[in-house]
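Q: Could you walk me through this model, starting with the overall fold and then going into the packing?

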Amino acid sequence: MTGADTGPPAAAVRRELTYAVLLCVAGAGLAAWAATRTWAVELTPRPAPLPPVRDARTGADLLPWLPALALVALAGGGAVLATRGRVRRLLGGLLALLGVAVAAGGAYGLAAGFAGDVSRQWPLLSLVGGVLAAAGGLLTALRGRRWPAMGARYERRPRPVAAARPQPGSVTGRRTTEAWDALDRGEDPTRD
């Protein structure tokens, strides 16, 4: 081999980017879905012939901020693809913090003593989803500067000066209202 090693191959770098995005999106999606499931069911007794009142509480009912943070992390996972450089690394740090917050919500759901019949699998899935999103965010923060950005075809290009000139047959020297008035009269305002 001649010359210094310039870094990992492009395929490995793209694979890292794919893993980070998948971790963020899958983890945040899992946590958002788990927050919509029933975490606790409280039964309130009523007089003799009536059955007890069943009050089902979802994770979103118990922790209203949990699905909101999970959805922000989900959107941030997609935003990793559209950013580059320092912004991508900052986004990775934010995603890691969001993942930790979502995982903390899941851990609270596991440890809290909610009244009634408590289901532990949904808070556990929320915890796992938060950990996955945090791992994807951490991977983005640590290694995101090496990853490729979206192609230039997605970036806005400045308009060439020649394209800014009026084309033949276009309305020039007239106010817009005059052109609309000409259309109302049945005339073609582009013909001069």
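**Fold and packing**

A: The chain has 7 helices and 3 strands, where helices (H or I, at least four residues) and strands (E, at least two) are DSSP runs numbered from the N terminus. This is a predicted model, in which local features need pLDDT of at least 70 and side-chain atom pairs count only at pLDDT 80 or more, while totals for chains, interfaces and linings use all residues. Residues are numbered from 1 along each chain as its sequence is written, and side-chain values use heavy atoms, with hydrogens and water left out.

Q: What pattern does the chain follow along the sequence?
A: Read in that direction, the pattern is α-β-β-α-α-α-β-α-α-α.

Q: And what is the strand order in the sheet?
A: The sheet is open, with 3 strands in the order β2-β1-β3 and antiparallel pairing; two strands pair if DSSP finds at least two bridges between them. Both β2 (53-58) and β3 (117-118) stand at the edges with a single partner strand each, so one side of each is left without a neighbour in the sheet.

Q: How many bridges join β1 to β2, and which residues are partners?
A: There are 6 bridges between β1 and β2, which run antiparallel. Among the partners, Thr38 is bridged to Thr58 in β2, and Thr44 is bridged to Val53 in β2.

Q: How many bridges are there between β1 and β3?
A: β1 and β3 pair over 2 bridges, also in the antiparallel sense, and Ala40 has Val118 of β3 as its bridge partner.

Q: Switching to packing, which residues touch the most other members of the largest nonpolar core?
A: That core has 13 residues, and Trp39, Leu62, Leu63, Leu66, Ala70, Val102 and Phe114 touch the most other members. A nonpolar core here is a set of buried Ala, Val, Leu, Ile, Met, Phe, Trp, Tyr and Cys residues joined through side-chain atoms within 4.5 Å, and buried means under 20% relative accessible area, with exposed over 50% and partly exposed in between (1.4 Å probe, protein chains only).

Q: Where do its residues come from?
A: At least two residues of this core are supplied by each of α1 (10-35), β1 (38-44) and α3 (65-82), and the largest share, 3 residues, comes from α1. There is also a second, separate core of 12 residues, which includes Val13, Val21, Ala28 and Val80.

Q: What is Leu63 in contact with?
A: Leaving aside its neighbours within four places in sequence, Leu63 is in contact with Trp39, Gly105 and Tyr108, where contact means heavy atoms within 4.5 Å.

Q: Is Thr83 buried or exposed?
A: Thr83 is buried, with a relative accessible area of 14%, and its place is in the loop between α3 and α4 (85-111). Apart from neighbours within four places in sequence, Thr83 is in contact with Arg88, Leu91 and Ala149.

Q: Which elements do the buried residues of α5 pack against?
A: They pack against α1, β1, α3 and α4, and the buried residues of α5 include Trp122, Gly129, Gly130, Ala133, Gly137 and Ala141.

Q: Last one: how many residues of the chain are there, and what share counts as buried?
A: The chain has 192 residues, of which 30% count as buried.
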